[in-house]
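The sequence and the structure come first.

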Amino acid sequence: SDLNGWLDMKYARFLVNTTLNGANAGYMHYNRVSNLLYIINDAGSAWLGGCVPGSSAVIENSYAQLSCRESVVSGWGNTLTVTWALTFKSSFVGARNIYMHAQDVANATSGWIRKGTWTINQISVYSLTVSPTGIGSGSITGNPDIICNTPCSRNYTSGEVVTLNATANSGSIFAGWSGCDSVSGAYCTVI
């Protein structure tokens, strides 16, 4: 927070690592002035990305992935709140420290503050393969980010809900799904 109001904030940083070091870490940066989110590269030497919160971009290094679509920034009174939508990769499991840092437009800084620890557990990753069969034609779209006219695959994590929708082209008929956790007409849900 800032005594001059949340619009006086310049940036907020969030670091997850065993030590106060941006290399080999989940290290994120939000620039309030430009309204952009970043993640540091593996070496801790350059910011990657520059995406607007709520946009479809995903930025990542070898340790963490930041979904800009699901990240939210808000301000009220003296408080700037950044909700980082992070997924840590399997190479980054174990106990990690959480650090935060903020700076305002006058360059007053909070300094790095250790806010606690976080145990990152192994995430199971599954491969979903869509294989249209038959003599007809059409397309399969899905959330998140699936568009198939021919067989295609996408990885998803345990607990992530994937919804697919089949659309038959003119003269073709969609016959049904197999392998879904639930089906409703042309919609297939996999959990």
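Gly94 has Ile120 as its bridge partner in β11. This pair belongs to the antiparallel pairing of β10 with strand β11, residues 113-120, in which 7 bridges join the two strands. The structure is a predicted model, and every value below is computed from it.

## The six-stranded sheet

β10 and β11 are part of an open sheet of 6 strands. The order across this sheet is β4-β3-β2-β1-β10-β11, and the pairing is antiparallel. At its edges stand β4 (47-51) and β11, each of which pairs on one side only. On average, neighbouring strands of the sheet are turned by 20° against each other, with direction ignored.

At the β4 end, strand β3 (residues 36-40) runs antiparallel to β4, and 4 bridges join them. Within this pairing, Tyr38 has Gly49 in β4 as its bridge partner. Further along the order, β10 is joined by 8 bridges to strand β1 (residues 9-17), again in the antiparallel sense. There, Phe14 has Met100 in β10 as its bridge partner.

How much of β10 is covered? Of its 11 residues, 8 are buried, so the strand counts as mostly covered. In a regular strand, side chains alternate between the two faces of the sheet.

Gln103 lies in β10, which spans residues 94-104. Is Gln103 buried or exposed? Its relative accessible area is 13%, which is under the 20% limit, and therefore Gln103 counts as buried. The side chain of Gln103 makes a polar contact of 2.7 Å with the side chain of Tyr11. Neighbours within four places in sequence aside, Gln103 is in contact with Met9, Lys10, Tyr11, Ala108 and Thr109.

## The five-stranded sheet

A second open sheet to consider has 5 strands in the order β14-β13-β16-β18-β17, with antiparallel pairing. β14 (146-148) and β17 (182-184) are at the edges. Each has a single partner strand, so one side of each is left without a neighbour in the sheet. Neighbouring strands here are turned by 15° against each other on average, direction ignored.

Inside this order, strand β13 (residues 138-143) pairs with strand β16 (residues 162-168) over 6 bridges, in the antiparallel sense. In this pairing Asn143 stands opposite Thr163 of β16.

## Two loop residues with positive phi

Most residues other than glycine have a negative phi. Asn24 has a positive value, with phi near 55°. Asn24 sits in the loop between β1 and β2 (26-31). With a relative accessibility of 41%, Asn24 is partly exposed, because the value falls between the 20% and 50% limits.

Asn107 also has a positive phi, near 70°. Its place is the loop between β10 and β11. The relative accessible area of Asn107 is 46%, and Asn107 is partly exposed.

## The salt bridge

How many salt bridges are counted in the model? The count comes to 1 salt bridge. In this salt bridge the side chains of Lys89 and Glu60 meet at 2.4 Å, N to O. The pair links distant parts of the chain, with the two residues 29 residues apart. Lys89 is in the loop between β9 (86-88) and β10, and Glu60 is in strand β5, residues 58-60.

Both partners fall in the intermediate range of accessibility. Lys89 is partly exposed at a relative accessible area of 25%, and Glu60 is partly exposed at 39%.

## Ser74 in β7

Ser74 lies in strand β7, residues 72-76. With 37% relative accessibility, Ser74 counts as partly exposed. Apart from neighbours within four places in sequence, Ser74 is in contact with Thr79, Leu80 and Thr81.

How far apart are the C-alpha atoms of Ser74 and Trp6? They are separated by 9.0 Å, while the two residues are 68 residues apart along the chain.

Conventions
Residues are numbered from 1 along each chain as its sequence is written. This is a predicted model: local features need pLDDT of at least 70, side-chain atom pairs count only at pLDDT 80 or more; totals for chains, interfaces and linings use all residues. Side-chain values use heavy atoms; hydrogens and water are left out. Buried means under 20% relative accessible area, exposed over 50%, partly exposed in between (1.4 Å probe, protein chains only). A polar contact is a pair of N or O atoms within 3.5 Å; within protein, one must be able to donate a hydrogen and the other to accept it, and residues adjacent in sequence count only if both atoms are side-chain atoms. Contact means heavy atoms within 4.5 Å. Two strands pair if DSSP finds at least two bridges between them. Axes are lines fitted to C-alpha atoms, for helices over the stretch in contact, and angles run from 0 to 180 degrees between N-to-C directions. A salt bridge is a side-chain nitrogen of Lys or Arg within 4 Å of a carboxyl oxygen of Asp or Glu.
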